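Open the model in your viewer and get ready to select residues by number.

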Amino acid sequence: MEIPFAESYKIKMVESIRKSTREEREHWIKNAKYNLFNLRSDQVYIDLLTDSGTGAMSDKQWGAMMVGDESYAGARSYYNMKNALKEILGFDYFLPTHQGRAAENVLFSVLVKEGQIVPGNSHFDTTKGHIEFRKAHAIDCTIDEAFDPEHIHPFKGNVDLTKLEKVLKEYPKEQIPFIVLTLTNNTAGGQPVSMENIKAVAQMAKNYGIKLLFDSARFAENAYFIKIREKGYADKTIKEIVKEMYQYADYATMSSKKDAIVNMGGFVCFRDEEVFKQASTYNIMFEGFITYGGMSGRDMDALAVGLDEGTEFDYLETRIKQVAYLGQKLEEYGVPFQKPAGGHAIFLDATKVLPHVPKEEYIAQTLGIELYLEAGVRGVEIGTLLADRDPDTHENRYPKLELLRLAIPRRTYTNNHMDVIAAATKNVFDRRDQITRGYKILKEAPILRHFTVELEKL
Ligand SMILES: *Cc1c(COP(=O)(O)O)cnc(C)c1O
């Protein structure tokens with residue numbers, strides 16, 4: 001008999017989670033004004049709101065926390081983090097920051113100027129926010145296949161080189177501070193970028209004299225997909241692949257809450273000493289002195305260990321196979337989602353799961369609420385609420401896809417939990433003909449409304 005797959009770790013400490021009754025959940029979600037962000041975590045059984053900072057640290061990481069050095073300047077923990085970044089990513093210069101968007105803030109304060117253009121593959125929302133805040137523009141050059149949920153493509157995060165070259169030809173290089181490669185492409189569904197595509201983008205950047213930034217949050221998951229799916233990489237270790245990827249990067253920004261498996265932290269990496277020096281001033285202003293930048297010593301130590309563990313094949317295989325396991329179950333049940341399953345999440349195709357809810361009544365949000373009512377599972381809407389209103393017309397902007405993201409925290413839930421999620425989703429899908437109405441907005445903020453919006457059931 002073939003030996004089945006199992007996790008590459010065992011459990012040393014557990015945290016209780018509470019099941020609830022449907023009546024309780026009906027009461028709680030109503031009080032939360034039908035906004036999943038307003039629920040207390042105790043009211044959630046399986047929390048798939050995000051995989052950011054919600055993972056479980058290992059015994060080695062907790063051990064490293066105990067020997068953290070809290071010196072203001074030149075802490076040992078800083079040097080441990082520095083060594084890890086040199087060893088794993090190959091950068092000489094870096095600045096710690098409190099999270100990923102802070103890394104963007106520090107780097108972009110040096111590089112991004114009003115009126116500039118930043119091409120890339122589906123810029124993450126904070127990345128886009130930091131570009132637009134400086135009155136510059138993000139241009140999405142992701143391949144078209146990324147926007148067709150049923151289309152199977154091994155590297156749906158790839159940059160369309162024709163689209164990219166068009167941008168590089170249209171604008172002078174002084175107007176393009178860098179190209180950003182998001183690894184994996186979160187917005188497109190945790191979809192990876194191939195090494196071939198990374199190389200081609202880097203070559204094009206070089207030809208046009210433009211720098212290349214890696215938005216690195218899920219770089220290790222990206223390396224795993226290269227190993228598994230791309231020709232010529234099967235025999236390379238994840239660390240070898242990561243090293244090869246980063247040869248092509250001039251800068252890297254990182255949300256360590258993702259693939260460095262810590263609860264808080266981030267960093268910026270630089271090849272260029274001059275840009276590092278300029279960014280250091282912003283780091284001191286916004287984050288903290290350059291040897292801690294918004295992180296405590298113990299957190300830098302945990303991060304250094306997390307980067308090492310996060311780039312081990314066994315860990316990544318366990319993680320990504322868990323997401324794929326949930327995908328397989330949903331596939332068996334005929335529930336439509338973005339395919340293939342991404343590295344960190346399943347994106348349910350809400351329009352197909354709930355075909356009778358009108359788009360004016362927030363389809364993906366309706367699905368999110370139904371799934372919560374069904375089994376206490378909390379996902380997050382990636383649809384019309386998130387897309388917000390047009391700043392000029394104040395009309396709702398309806399995105400190409402209405403998605404409910406089920407993000408899987410690292411090393412946190414078992415496959416039994418995946419079974420619960422899949423069954424709950426199936427039950428909602430099976431009664432789709434009875435779900436014909438959604439919600440209307442009672443109150444909303446002028447920007448980023450999805451965090452605080454208040455809704456009423458129709
Ligand atoms: C999470 C994330 C960020 C921002 O990081 P925070 O730590 O949440 O500030 C940037 N880019 C990508 C691709 C991300 O997933």
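This tour visits a helix pair, the ligand and some backbone details in a predicted model.

**Stop 1: two helices.** Select residues 161–170, helix α6, and residues 195–207, helix α7. Two packed helices are described by the angle between their axes and the distance between the axes. Here the axes come within 11 Å and cross at roughly 15 degrees. Angles under 35 degrees count as roughly parallel, so α6 and α7 are roughly parallel to each other. The crossing of α6 past α7 is right-handed.

Now show the side chains. Which residues of α6 meet α7? They are L161, L164, E165 and L168, and their partners in α7 are N197, A200, V201 and M204.

**Stop 2: the ligand.** Next, look at oxygen atoms of the ligand. One lies 2.8 Å from an N or O atom in the Q99 side chain. A polar side-chain atom of S255 is 2.7 Å from a ligand oxygen. For R218, a side-chain N or O atom lies 2.9 Å from an oxygen of the ligand.

**Stop 3: backbone details.** Go to L183 and T184. A cis peptide bond joins them, with omega about -20 degrees. T184 sits in the loop between β5 and α7.

Move on to K339 and P340. Their peptide bond is cis too, with omega about -5 degrees. P340 is in the loop between α12 and β9.

Finish at K135, in the loop between α5 and β4. Its phi is near 60 degrees, a positive value in a residue other than glycine.

Note on methods: Residues are numbered from 1 along each chain as its sequence is written. This is a predicted model: local features need pLDDT of at least 70, side-chain atom pairs count only at pLDDT 80 or more; totals for chains, interfaces and linings use all residues. Side-chain values use heavy atoms; hydrogens and water are left out. Axes are lines fitted to C-alpha atoms, for helices over the stretch in contact, and angles run from 0 to 180 degrees between N-to-C directions. Helices (H or I, at least four residues) and strands (E, at least two) are DSSP runs, numbered from the N terminus. Angles under 35 degrees count as roughly parallel, over 145 as roughly antiparallel, 65 to 115 as roughly perpendicular and the rest as oblique. A crossing is left-handed if the near helix is turned anticlockwise from the far one by less than a right angle, and right-handed if clockwise. Contact means heavy atoms within 4.5 Å. A polar contact is a pair of N or O atoms within 3.5 Å; within protein, one must be able to donate a hydrogen and the other to accept it, and residues adjacent in sequence count only if both atoms are side-chain atoms.
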